[in-house]
Amino acid sequence: MNVALLSGALSLASGAVLSASTKLPEQAQLLLPEATVVLPSVPPPEVANGIPVFVPPGTSLQSLTDKPFHVFHEEFIAIIGESPTLTLIADSGTNPMFHEAVVWHPPTEEVFFAQNAGAKAAGTGLHRSSVIQKVSLSEAMAVSHLRNGVGKVQVQVVDFQPAVINPNGGTNYKGNFIFAGEGMGSDIAPALYLANPEPPYNTTILINNYYGRQFNSVNDVAVNPWNGDIYFTDVTYGYLQDFRPKPVLPNQVYKLNAVTKAVTAVADEFVNCNGITFSPDGRYAYVTDTGSAQGFYGYEPTKPSSIYRYTVAADGTFENRKLFAHVTSRVPDGVHCDTNGNVYAGCGDGVHVWNPSGVLLGKIFTGETAANFQFAGDGRMVICGETHLYFATLAAKGAALT
Ligand SMILES: *[C@@H]1O[C@H](CO)[C@@H](O)[C@H](O)[C@H]1NC(C)=O
């Protein structure tokens with residue numbers, strides 16, 4: 001592309017509607033790509049490797065936090081609406097109680113989430129399972145005008161029985177939840193659990209093996225709204241975090257046929273497949289690869305921190321693997337779509353948002369790892385920040401529940 005064309009495209013994409021004088025919501029700020037494409041000095045690789053938060057010139061960690069809705073592209077304005085809010089609603093100190101498996105149960109207006117199963121600070125994994133907790137959305141809504149509502153929202157442990165062992169991913173399924181349990185040691189196999197979101201919180205195992213073999217540690221689960229089948233990722237994190245034995249399968253995405261119960265591998269070629277979701281029409285699958293995050297074995301920035309998109313074929317298998325996005329802050333873990341097919345992923349400094357063409361539109365900045373999050377009704381989102389739990393309000397709506 002010649003330079004004139006390129007600069008024309010840039011000004012069309014960013015200058016036409018957005019400029020420094022554009023009036024933005026109180027909690028939003030403009031961070032146009034053109035302001036950072038040439039830096040006065042570019043930090044060396046031992047400093048800028050995807051782990052520290054990128055603080056663009058003219059900003060500070062404080063200013064990035066003060067206005068946490070970062071607008072990179074004009075399309076983000078419609079997503080956040082006129083008065084987006086971000087509120088810290090719980091703080092668990094050093095124990096990562098707010099990790100993943102974020103699921104909303106509309107009849108009771110509650111959101112459930114799981115403790116980090118593999119983190120040393122959690123003391124879970126091999127001898128003790130991570131736990132599932134919940135909050136009430138009405139309590140979260142009541143503090144959404146505050147930036148800090150800690151102490152005003154009750155966080156309650158939910159005692160699912162039989163227990164979901166080391167829950168990590170979760171999704172809605174016909175009025176119930178499905179949790180992905182990573183397993184424990186050699187004797188408790190990773191499994192998908194169907195869980196009743198209301199008392200007595202009973203559970204039933206949906207699948208716990210692949211033709212007699214244990215999965216590595218099932219990580220996340222999503223239901224395709226178009227064919228109704230259950231898709232899940234399986235990856236070696238239990239092994240990389242010392243609570244599962246040496247794996248006996250490649251890291252893959254599987255499809256569980258909801259009717260016949262046949263299980264089929266539908267995608268491989270990952271380092272560490274992780275989050276999974278579908279576009280609202282079920283036509284596309286998005287799978288994150290957190291290959292750069294290697295559990296207790298460190299961080300390798302030359303490995304994927306990426307989201308891949310597939311076309312879902314008529315028979316439910318995946319085709320046309322495409323690099324959808326590489327994320328700029330640690331790894332993309334949980335991934336979800338809104339009703340318009342925009343793609344949201346939990347990353348190292350908050351929730352990043354792309355349009356269906358893979359253009360980074362903006363982020364909800366937490367300044368720390370946001371492993372997963374979930375829409376919880378129109379314009380509401382719960383974000384898990386390991387030791388911090390956040391509640392956000394915005395204009396976007398989550399894709400319909402399955
Ligand atoms: C919970 O128990 C009820 C009553 O036995 C049963 O009908 C239902 O299928 C169970 N749900 C799950 C998720 O196991």
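A salt bridge here is a side-chain nitrogen of Lys or Arg within 4 Å of a carboxyl oxygen of Asp or Glu. Lys 255 and Asp 229 form such a pair, with their closest N and O atoms 2.9 Å apart. Lys 255 sits in strand β14 (residues 252–256), and Asp 229 sits in the loop between β12 (218–223) and β13 (230–234), so the bridge ties together parts that are 26 residues apart in sequence. Both Lys 255 and Asp 229 are buried. The model is a predicted one.

Now step back to the whole chain. The protein chain has 5 helices and 26 strands. Its radius of gyration is 20 Å, close to the 21 Å that the globule rule gives for 402 residues, so the chain is as compact as a globular protein of that length. Along the principal axes, the C-alpha atoms fill a box of roughly 60 × 50 × 40 Å. Of the 402 residues, 56% count as buried.

Return to the charged pairs. Side chains of opposite charge can pair when their charged atoms come close. The structure holds 5 salt bridges. One of them joins Glu 109 to Arg 380, with the closest N and O atoms 3.0 Å apart. This pair links distant parts of the chain, 271 residues apart. Glu 109 belongs to the loop between β4 (100–105) and β5 (110–114), while Arg 380 belongs to strand β25 (residues 380–385). Arg 380 counts as buried because its relative accessibility is 13%, under the 20% cut-off. Glu 109 has 30% relative accessibility and therefore counts as partly exposed.

Another bridge brings together the side chains of Lys 397 and Asp 378, at 3.9 Å from N to O. Here the partners are 19 residues apart. Lys 397 lies in the segment after β26 (388–393), and Asp 378 lies in the loop between β24 (372–375) and β25. Lys 397 is partly exposed, at 38% relative accessible area. Asp 378 has a relative accessible area of 57%, so it is exposed.

Next comes the ligand. Leu 194, Ala 195, Asn 196, Asn 202, Thr 203 and Thr 204 surround it. A polar side-chain atom of Asn 202 lies 2.2 Å from a ligand oxygen. The side chain of Thr 204 has an N or O atom 2.6 Å from an oxygen atom of the ligand. Taken alone, the ligand exposes 360 Å², and the protein buries 44% of that. Two strands, β10 (191–195) and β11 (203–207), are the elements that give two or more residues to the shell. By class, the shell has 2 nonpolar, 4 polar and no charged residues.

Tyr 201 is not a glycine, yet has a positive phi of about 55°. With a relative accessible area of 15%, Tyr 201 is buried.

Although not a glycine, Asn 166 has a positive phi of about 50°. At 0% relative accessibility, Asn 166 counts as buried.

Terms used. Residues are numbered from 1 along each chain as its sequence is written. This is a predicted model: local features need pLDDT of at least 70, side-chain atom pairs count only at pLDDT 80 or more; totals for chains, interfaces and linings use all residues. Side-chain values use heavy atoms; hydrogens and water are left out. A residue is near a molecule or strand if one of its heavy atoms lies within 4 Å of it. A polar contact is a pair of N or O atoms within 3.5 Å; within protein, one must be able to donate a hydrogen and the other to accept it, and residues adjacent in sequence count only if both atoms are side-chain atoms. Accessible areas come from the Shrake-Rupley method with a 1.4 Å probe; for residues, only the protein chains shown count as cover. Helices (H or I, at least four residues) and strands (E, at least two) are DSSP runs, numbered from the N terminus. Ala, Val, Leu, Ile, Met, Phe, Trp, Tyr, Cys and Pro count as nonpolar, Asp, Glu, Lys and Arg as charged, and the others, Gly among them, as polar. Buried means under 20% relative accessible area, exposed over 50%, partly exposed in between (1.4 Å probe, protein chains only). The radius of gyration is taken over C-alpha atoms; the globule rule is 2.2 Å times the number of residues to the power 0.38.
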